Amino acid sequence: MDLTEQELKEFLNKDRFAQFIGLKLLEVKPGYAVTQVEIQEHHLNGFDHVQGGLTFTLADLAFAAAANSHGRASVGINVSICYFEAPKGKILTATARELHKNAKLAGYDVDVVDELGTPVAKFTGLVYRKKQTL
């Protein structure tokens, strides 16, 4: 049973860390999600570039939203990220797309870009789909 966008947003808004660092869930539908963050001074590392953990967490939130959009509790069991280059703009957007889903596993690709279209990172994740619903 797929969750409505509002139901999923309410569930994911319980992610206190994502809220604390300023992540927003813009869109979610079955197997798809978009998250965004406006880069702030406290998101920068010692090189004055976006901290890689911010990019990872933004992609991870999109991954979690897309994976849980079907209403079954889904938890990450394997993820990886490739960083391409530092963002040129001030807004990062992560778009998650479901690649495959069966009764126990589902795979996702997440593309992270800035508002200028600069490819910033590619995140790939696999979830275990529990029997319990959200």
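Entry 1. I looked up K29 and found that K29 forms a salt bridge with E27, the closest N and O atoms being 4.0 Å apart; a salt bridge here is a side-chain nitrogen of Lys or Arg within 4 Å of a carboxyl oxygen of Asp or Glu. K29 has a relative accessible area of 44% and E27 one of 30%, so both count as partly exposed (buried is under 20%, exposed over 50%, partly exposed in between; 1.4 Å probe, protein chains only).

Entry 2. I noted the conditions: the model is predicted, local features need pLDDT of at least 70, side-chain atom pairs count only at pLDDT 80 or more, and totals for chains, interfaces and linings use all residues. Residues are numbered from 1 along each chain as its sequence is written, and side-chain values use heavy atoms, without hydrogens and water.

Entry 3. I counted five salt bridges by this rule. R97 pairs with D111, with 3.6 Å between the closest N and O atoms. Because R97 lies in strand β4 (residues 91-101) and D111 in strand β5 (residues 105-114), the pair ties together parts 14 residues apart in sequence; strands (E, at least two residues) and helices (H or I, at least four) are DSSP runs, numbered from the N terminus.

Entry 4. K122 also forms a salt bridge with D111, at 2.8 Å between the closest N and O atoms. K122 is in strand β6 (residues 119-133), 11 residues from D111. I recorded a network of salt bridges linking R97, D109, D111 and K122.

Entry 5. I turned to V50, in the loop between β2 (32-38) and α3 (52-68). V50 is buried at 13% relative accessible area.
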